[in-house]
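Hi everyone, thanks for coming. Today I'd like to walk you through one model, chain by chain, so please have a look at it with me.

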Amino acid sequence: MDKIVNQKAWFLVLPVFLVVAFSAILPLMTVVNYSMQDTFGNNQFFWNGVGWFKELLDPSTDLGGRFLASLGRNLLFSAIILTIQVPLGIVVALSMPREGWSVAACLVILALPLLIPWNVVGTIWQIFGRPDIGLLGYTLNSLGIDYNYVSNDFDAWVTVIVMDVWHWTSLVALLCYAGLKSIPDAYYQAAQIDGASRWAVFRAIQLPKMNRVLLIAVLLRFMDSFMIYTEPFVVTGGGPGNSTTFVSIELVKIALGQFDLGKAAALSLVYNLIILIVCWVFYTVMTNAGAERKAAPESEAALEPKPAAGLKPVGVLKPKEGVA
Amino acid sequence: MARIDLVDLAHSYGGNAAPPESFALKPVTMTWRQGGAYALLGPSGCGKTTLLNLISGIVTPSRGKILFNGKDITPLSTQKRNIAQVFQFPVIYDTMTVGQNLAFPLNNRGVPKAEVEARVRQIADLLDLTPYLKRKATRLTADAKQKISLGRGLVRSDVAAVLFDEPLTVIDPELKWQLRSKLKALHRELDLTMIYVTHDQTEALTFADTVVVMHDGRVVQSGTPAELFDKPAHTFVGYFIGSPGMNIVPAEVSGREARIDGHVISLRRNYGVLPAGKKIEIGVRPEFVDVSPPTPGLLSATIERIDDLGRIQFARVRVGDAKFAARVPPGFTASGNSAGLIFDPAHVHVYADSHLVEGGA
Amino acid sequence: MHSIPGRRVIMALFLIFLLLPIYWLVNMSFKTNSEIVSTMTLWPHTPTLQHYRRIFTDESWYSGYINSLEYVVLNTVISISVALPAAYAFSRYRFLGDKHLFFWLLSNRMAPAAVYALPFFNLYSAIGLFDTPWAVALAHCIFNVPLAVWILEGFVSGVPREIDETAFLDGYSFPRFFIKILVPLIASGIGVAAFFCFMFSWVELLLARTLTSVQAKPIAAIMTRTVSAAGMDWGLLAAAGVLTIIPGALVIWFVRNYIARGFALGRV
């Protein structure tokens with residue numbers, strides 16, 4: 001259905017606009033303002049133009065070096081996270097029980113890590129991985145593996161990655177599960193009649209139908225892992241050395257630790273810009289995928305919410321098959 | 001290519017222990033010949049889809065056997081039964097082109113490449129899909145998608161039967177007719193056994209040479225469209241087939257006479273004395289009852305309204321408490337509301353407890 | 001056909017992987033500190049409730065939970081109530097700048113909290129909201145409002161437009177239609193949106209910690225106090241951690257039948 005052009009709709013959007021503008025535009029203006037200035041404390045500011053930005057992108061300066069190093073670490077971290085979580089999430093989704101109470105049980109346990117405050121996630125793994133009092137650290141060490149995330153870079157990375165897998169794989173799995181659930185039985189029956197193997201069913205039906213949710217999962221996971229702060233901060237504090245200092249951790253160090261407002265603001269802007277660009281690409285791809293779905297009416301209903309009970313559109317489509 | 005025998009076949013979703021009345025499909029035994037076009041016709045929930053799923057192997061029967069060419073295939077999986085099925089909603093593999101879709105069942109079975117190509121070309125020609133072979137299947141219209149699902153079945157040279165589960169539901173009305181004729185033509189050309197499930201009598205009557213009417217989990221009649229029309233074996237068939245449906249009115253029947261509202265209608269056959277305690281009704285299609293100006297000796301009725309269906313007009317009339325639909329012969333002009341009804345005795349049937357009673361000579 | 005060979009084993013292993021660290025936290029919360037430090041025990045040998053007792057009796061501890069719940073609930077209410085009309089507008093109408101506005105809203109969902117920490121600190125200090133639940137609730141709106149708009153828009157689009165038209169023909173005013181007809185129809189959507197607002201506000205710490213100091217300090221921030229001169233109070237930390245998991249677990253339990261559907265919108 002085509003939407004009606006109605007400028008009065010702005011009145012309906014106004015509250016959202018005001019709330020978000022208050023929380024986003026005002027602070028952002030402050031950031032832009034700071035990013036062009038230098039301060040020596042006491043609220044005295046000096047005009048610095050684009051100086052901070054130049055420094056930020058020059059690896060030979062202190063600021064630039066720190067920024068680019070943390071950016072590199074962050075990209076590596078995001079890449080590892082995606083290569084582990086996406087396939088694992090798909091496998092877990094495919095392993096979901098079919099029906100009965102166990103479905104609800106699995107869903108609840110899967111969702112559990114998602115609702116734990118992020119610093120508590122950090123705390124859980126901080127404790128779990130300690131060689132003296134944590135089950136994981138203790139077991140590894142008694143097996144003869146010298147594991148200590150406080151002193152060894154590699155161990156710290158492994159801990160942070162396993163923690164993130166623990167924390168967020170469920171999100172990918174739940175998204176994929178939702179995608180799988182929207183596949184009508186007729187597809188499986190047709191594949192059976194066509195003599196498709198298990199792998200062919202995955203390739204020809206399940207993967208294509210999960211396309212959209214997978215795209216969402218990949219981008220959410222990329223962005224959230226790119227912004228990660230709390231969990232590694234609690235576990236490793238960015239260490240040992242700077243080995244697990246990601247961009248957000250660096251930023252908070254500069255902003256709230258050193259109160260170096262100009263540098264922090266410039267870093268914020270560049271950081272935000274990177275994420276904004278990725279977000280824009282994401283949005284464009286999604287909208288195009290949406291347009292494609294409109295062109296293919298058959299699959300359109302798949303990811304749209306069903307109308308509320310009692311409001312099924314009158315027509316030949318029975319509600320059950322309506323999700324074809 | 002196969003003859004299909006159903007032997008005492010029954011199914012209950014509640015398992016075999018469920019009470020017989022709750023079975024989704026009550027025991028049925030029948031034979032479908034090789035190369036026949038069959039329609040399973042009935043309202044939603046009558047068991048027709050259950051029967052289809054039993055034949056395709058998606059559902060395993062609680063009781064009974066299914067034979068293909070005399071061989072018991074009940075325990076076989078869908079894959080091994082060599083059937084093709086077209087579902088209510090088009091099932092196509094989104095990421096593949098039309099050609100890849102058609103080749104999918106053959107590739108899965110390890111058919112040599114050259115043969116796959118030849119087969120796909122042949123079937124695409126047959127279904128007028130050749131221009132689309134290289135196109136992504138997602139972009140096509142619903143009727144083209146249904147043709148692809150059908151094509152995936154036909155592409156295999158060994159299909160025993162092609163099953164259709166209300167395949168025209170999502171097709172635009174003007175295309176329905178086209179696709180139906182296409183199916184009919186394919187049926188003649190390929191000599192395949194086809195089984196077509198629908199709740200639409202027009203679809204069933206135009207497609208099939210044998211229509212199996214189902215009601216409440218039971219097969220109530222199986223016959224040619226003409227048989228179903230002329231001699232419904234059950235009042236449900238009379239009512240469900242034909243538009244408007246058969247007139248069914250309570251009557252007293254003895255010998256060659258039926259009595260409605262005190263008026264006597266003569267019958268073609270002799271029914272003797274019917275067993276007491278059964279609900280006796282007579283059924284006559286509106287096409288075989290004419291309204292005429294009120295005349296002594298005719299059953300008198302009150303005209304409530306006249307429906308003009310274009311080529312033919314039907315009058316809705318009332319006789320006592322009973323309602324009738326009757327043909328309005330050309331040239332008839334109503335004078336007031338009252339009219340007489342003329343019955344064609346050859347087409348008046350007698351039903352006892354909804355089942356047809358065969359009269360004697 | 002739906003699932004893969006060995007699925008039971010895979011699922012079981014994954015669930016164990018998820019539950020083991022949580023079990024360890026729960027296990028530790030029932031141990032005495034001397035048991036934690038001295039020996040490695042798989043379950044509490046001398047179970048104690050002392051840590052929980054301490055949290056429930058010490059106001060500086062339990063007020064943290066109240067503070068957290070206060071801003072989470074506040075945020076959820078604000079987010080849903082401003083997002084509802086906007087979701088309706090985005091779903092039904094085209095207007096000047098609608099697409100850009102939508103993208104701008106979503107881009108805020110993607111903004112790193114670390115970027116906003118400092119400016120928020122300045123902003124809320126300047127208007128005197130610093131160290132109140134309002135500061136955190138409003139700050140969390142930056143990612144929850146766009147999310148709520150996004151989810152609710154999907155649900156509103158699922159309501160046929162004929163419903164609106166019929167209601168207006170029947171003489172319903174817009175606000176009355178909105179409250180009497182639309183809101184009940186998308187009740188489950190509001191539930192899903194509220195669930196996600198609750199979730200994201202509950203788990204966020206960076207902003208919550210930055211915008212509070214004493215009065216409105218969230219429990220997650222109070223937990224860092226367990227580091228004291230006498231070393232870590234591990235048992236207390238574990239107990240506090242367990243208590244932060246419970247609200248989330250309760251919420252999941254209530255919405256368990258809607259989780260898959262909420263995710264099915266693909267709009268998280």
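Let's start where chain B meets chain A: 27 residues of chain B and 22 residues of chain A take part in the contact. By contact I mean that the C-beta atoms of two residues, placed from the backbone, lie within 7 Å. On the chain B side, the elements giving two or more residues are β6 (83-86), α2 (98-108) and α4 (142-154) of chain B. Of these, α4(B) gives the most, with four residues. Those labels come from DSSP runs, numbered from the N terminus: helices are H or I with at least four residues, and strands are E with at least two. Sorted by class, the chain B side has twelve nonpolar, ten polar and five charged residues. Here Ala, Val, Leu, Ile, Met, Phe, Trp, Tyr, Cys and Pro count as nonpolar, Asp, Glu, Lys and Arg as charged, and the others, Gly among them, as polar.

Before we go on, a word on where this comes from. This is a predicted model, in which local features need pLDDT of at least 70 and side-chain atom pairs count only at pLDDT 80 or more, while totals for chains, interfaces and linings use all residues. Residues are numbered from 1 along each chain as its sequence is written, and chains are lettered from A and ligands numbered from 1 in the order in which they are written.

Now let's zoom in on helix α4 of chain B, where we find B:Gly151. Is B:Gly151 buried or exposed? B:Gly151 counts as buried because it has 21 C-beta neighbours inside 10 Å. The rule is that 20 or more other C-beta atoms within 10 Å of a residue's own make it buried, 12 or fewer make it exposed, and anything in between is partly exposed, with C-beta atoms placed from the backbone. If we leave aside neighbours within four places in sequence, B:Gly151 is in contact with B:Leu102, B:Ile123, B:Ala124, B:Leu127 and B:Leu129. There is also B:Ala84, which is 67 residues from B:Gly151 in sequence, yet their C-alpha atoms are 9.2 Å apart.

Staying in chain B, please find strand β16, residues 289-292. B:Val289 and B:Val291 are on its covered face, and B:Asp290 and B:Ser292 are on the uncovered one. β16(B) pairs with strand β20 (residues 338-343) of chain B, antiparallel, over four bridges; strands pair if DSSP finds at least two bridges between them. Opposite B:Val289 stands B:Phe343 in β20(B).

On to chain C, which has 13 helices and three strands. Its C-alpha atoms fill a box of roughly 75 × 60 × 30 Å along the principal axes. Of the 268 residues in chain C, 51% are buried.

Which chains share the most contacts? Two pairs of chains are in contact, and chains A and C share the most. Here 95 residues of chain C are in contact with 92 residues of chain A. Helix α13 (residues 234-264) of chain C gives the most to the chain C side, with 17 residues. That side divides into 76 nonpolar, 14 polar and five charged residues. Strands take part too: β1 (residues 4-5) of chain A and β1 (residues 93-94) of chain C run parallel, joined by two bridges, and A:Val5 has C:Arg94 as its bridge partner. Chains B and C, on the other hand, are joined by no contact, and their closest C-alpha atoms lie 12 Å apart.

Next, the nonpolar cores, meaning sets of buried Ala, Val, Leu, Ile, Met, Phe, Trp, Tyr and Cys residues joined through C-beta atoms within 7 Å. The largest has 172 residues, and C:Ala83, C:Ala117, C:Val149 and C:Leu152 have the most contacts inside it. Helix α7 (residues 133-157) of chain C gives the most to this core, with 18 residues. Apart from it lies another core of 88 residues, including B:Ala84 and B:Ile148.

Finally, confidence. pLDDT is the predictor's confidence in each residue, from 0 to 100. Chain C has a mean pLDDT of 83, with 92% of its residues at 70 or more. Within chain C, confidence is highest in helix α1 (residues 7-29), at 92, and lowest in strand β2 (residues 227-228), at a mean of 55. For the complex, the predictor gives an ipTM of 0.82 and a pTM of 0.79.
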